[in-house]
Amino acid sequence: MDLTGASRIVVIGGGQAGAQALQSLRQGGYAGALTLVGDEPALPYQRPPLSKAYMKGEMTEERLYFRPASWYQDQDIETILSTPVKSIDRANRTVELAHGGHLDYDALVIATGSRPRVLPVKGATLQGVHDLRDLADVERIRPNMIAGRKMVIVGAGYIGLEAAAVARQLGLDVTVLEMAPRVLARVTSPVMSEFFETEHRAHGVQILTEARLDHLDGDGGKVTAAILADGTRIEADIVLVGIGILPNEELAREAGIACNNGILVDRDARTSDPRVFAAGDCASRPLVHYGRTGRLESVHNAIEQGKLTAAAILGKPRPAEDCPWFWSDQYDLKLQIAGLSQDYDEIVVRGDPNDRKFAAFYLRNGTLIAVDAINSPPEFLASKKLIMSGAKLAPGMLGDTSISMKDIAAAALAA
Amino acid sequence: MTKIIYVDNDGTERVVEASNGESVMEAAVKNSIPGIDADCGGACACATCHVYVDAAFMDKVGEQQEMEKSMLDFAENVRENSRLSCQITISDSLDGLKVTTPESQH
């Protein structure tokens, strides 16, 4: 459908994807009405620092915001904050707001993001139990980040481990509970899990794997301890829950837009309704290079889909889809991930984890599909190119640190 | 406020009044300077805020850290005066700093 005549565009959700769509629409020359409606009170801001530098107090709130308030005025973007959307009426091309009123659209962008999974145990709503998703969550958590306090983190994913690193550096007593036999089990290989476990233990974090949380104990409505299924009691002044996220797809689903663990979109970020687009955590997209569809929970994905959306609405050529990439900061470690490692049939480790500078390459049928690089930008950056090229790689060469990544990439790309 | 001049690939100059303490990347993003993507928001994780620093300021923009050095090693069209703009913190001594953005960040 040609939407180049659109003169009313509504973006639901002011996260990374929504903010990118706004920017790319204006940058791409769209001069019509542009409205952002979001349920948070704040203008669009960066989420990654919430579990890293901002949580640690090393970054001011002002620096979280993508743009100052004046930018939205200068760009003639209407911002309707603290306002959830109630429903989408596709027949009448209008969005109903929870507080009354509606917004008509010619093109609609759903960038509603995701929400934390709720801890399914007794005591999960006690005071002192927190998710870590929004600025408001961090504002509640930070006053408790005081040396000597006891923090229990439920879930050893990236968010949980990043928070554990910050809390330890601030002097808290930290215990991480993980149901799986190893940390980061859902997202990476055993070699990386072992590395991060070793690292966190060396920093004094207590990590309990195969730990089944039974319930949280409280006193006077405030959390006091985590109780495991085997009866172990772990004292807690504060509990952080990081057990994954769920896509906010309900608005789309209730409007009859196709969803399946995310709002289904094509390569242009277009949903089953040609006037409606979905971008970021809430969307399930073609992962063209990997021959499947899926949701990606990342900054790169949000930016890319924001750009794809704007290009499709404005009738511009589709921007090139980049290799998926992610990062995590813990202590003085920078983990950079390129590609998607599921389904690898071979793993090659380059360098020595004991040096805290190494990379794990994931191959399938002799081609590189992903890398986890610790303090190793060359391995990360070369891999982004190698993955998208589909070039065959000699595993022996990848693991040989006497050959530079530049030379390995040049050899593979020339072959 | 400190004056920073961004020159794009076509030679067009844009002057920004930036605050001390923010990075050259942040000042660019907040003022909609084209040619600086800064996908990671300044975490030195993506190498999409590459700029060329004017010769007169090369000794004032500070030393490169190891991480930045190795990121730049893989950027396109790297020159002697290449820097990641997220790693340059604005201060009074950078008043009048001129940086040029490359043709592409990818």
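This is a predicted model: local features need pLDDT of at least 70, side-chain atom pairs count only at pLDDT 80 or more; totals for chains, interfaces and linings use all residues.
Is A:Ile347 buried, partly exposed or exposed? A:Ile347 counts as partly exposed, because its relative accessibility is 35%. Good morning, colleagues.

A:Ile347 belongs to strand S24 of chain A, which covers residues 346–352. Together with A:Tyr344 and A:Val349, A:Ile347 makes a nonpolar surface patch of about 200 Å².

I turn now to a pair of helices in chain A. Helix H1 covers residues 16–27 and helix H8 residues 299–314; their axes come within 8 Å and cross at roughly 35°. The crossing of H1(A) and H8(A) is right-handed. Which residues meet there? From H1(A) they include A:Ala17, A:Ala21 and A:Leu25, and from H8(A) they include A:Ala302, A:Gly306 and A:Ala310.

In the loop between strand S21 and H8 of chain A we find A:Ser298. This serine counts as buried because its relative accessibility is 10%, the limit for that term being under 20%. Leaving aside residues up to four places away in sequence, A:Ser298 touches A:Asp281, A:Trp325 and A:Phe326.

My last topic is charge. Side chains of opposite charge can pair when their charged atoms come close. Over all chains, the structure holds 30 salt bridges, and I shall present three of them.

In one of these, A:Lys52 pairs with A:Glu162, and their closest N and O atoms are 3.3 Å apart. A:Lys52 lies in the loop between strand S2 and helix H2 of chain A, while A:Glu162 lies in helix H5 of chain A, so the pair ties together parts that are 110 residues apart in sequence. Both A:Lys52 and A:Glu162 are buried.

Next, A:Asp332 and A:Arg356 form a salt bridge with an N to O distance of 2.7 Å. A:Asp332 sits in the loop between strands S22 and S23 of chain A, and A:Arg356 in the loop between S24 and strand S25 of chain A, so this pair ties together parts that are 24 residues apart in sequence. A:Asp332 is exposed at 52% relative accessible area, whereas A:Arg356 is partly exposed at 24%.

Finally, B:Asp73 and A:Lys406 meet in a salt bridge of 3.5 Å, N to O. This pair crosses between chains, from a loop of chain B to helix H11 of chain A. B:Asp73 is partly exposed, at 42% relative accessibility, and A:Lys406 is partly exposed, with a relative accessible area of 41%.

Thank you for your attention.

Note on methods: Residues are numbered from 1 along each chain as its sequence is written. Chains are lettered from A and ligands numbered from 1 in the order in which they are written. Side-chain values use heavy atoms; hydrogens and water are left out. Patches are made of residues with over 30% relative accessible area and no salt bridge: like charges are joined within 9 Å, nonpolar side chains (Val, Leu, Ile, Met, Phe, Trp, Tyr) within 5 Å. Accessible areas come from the Shrake-Rupley method with a 1.4 Å probe; for residues, only the protein chains shown count as cover. A salt bridge is a side-chain nitrogen of Lys or Arg within 4 Å of a carboxyl oxygen of Asp or Glu. Helices (H or I, at least four residues) and strands (E, at least two) are DSSP runs, numbered from the N terminus. Buried means under 20% relative accessible area, exposed over 50%, partly exposed in between (1.4 Å probe, protein chains only). Axes are lines fitted to C-alpha atoms, for helices over the stretch in contact, and angles run from 0 to 180 degrees between N-to-C directions. A crossing is left-handed if the near helix is turned anticlockwise from the far one by less than a right angle, and right-handed if clockwise. Contact means heavy atoms within 4.5 Å.
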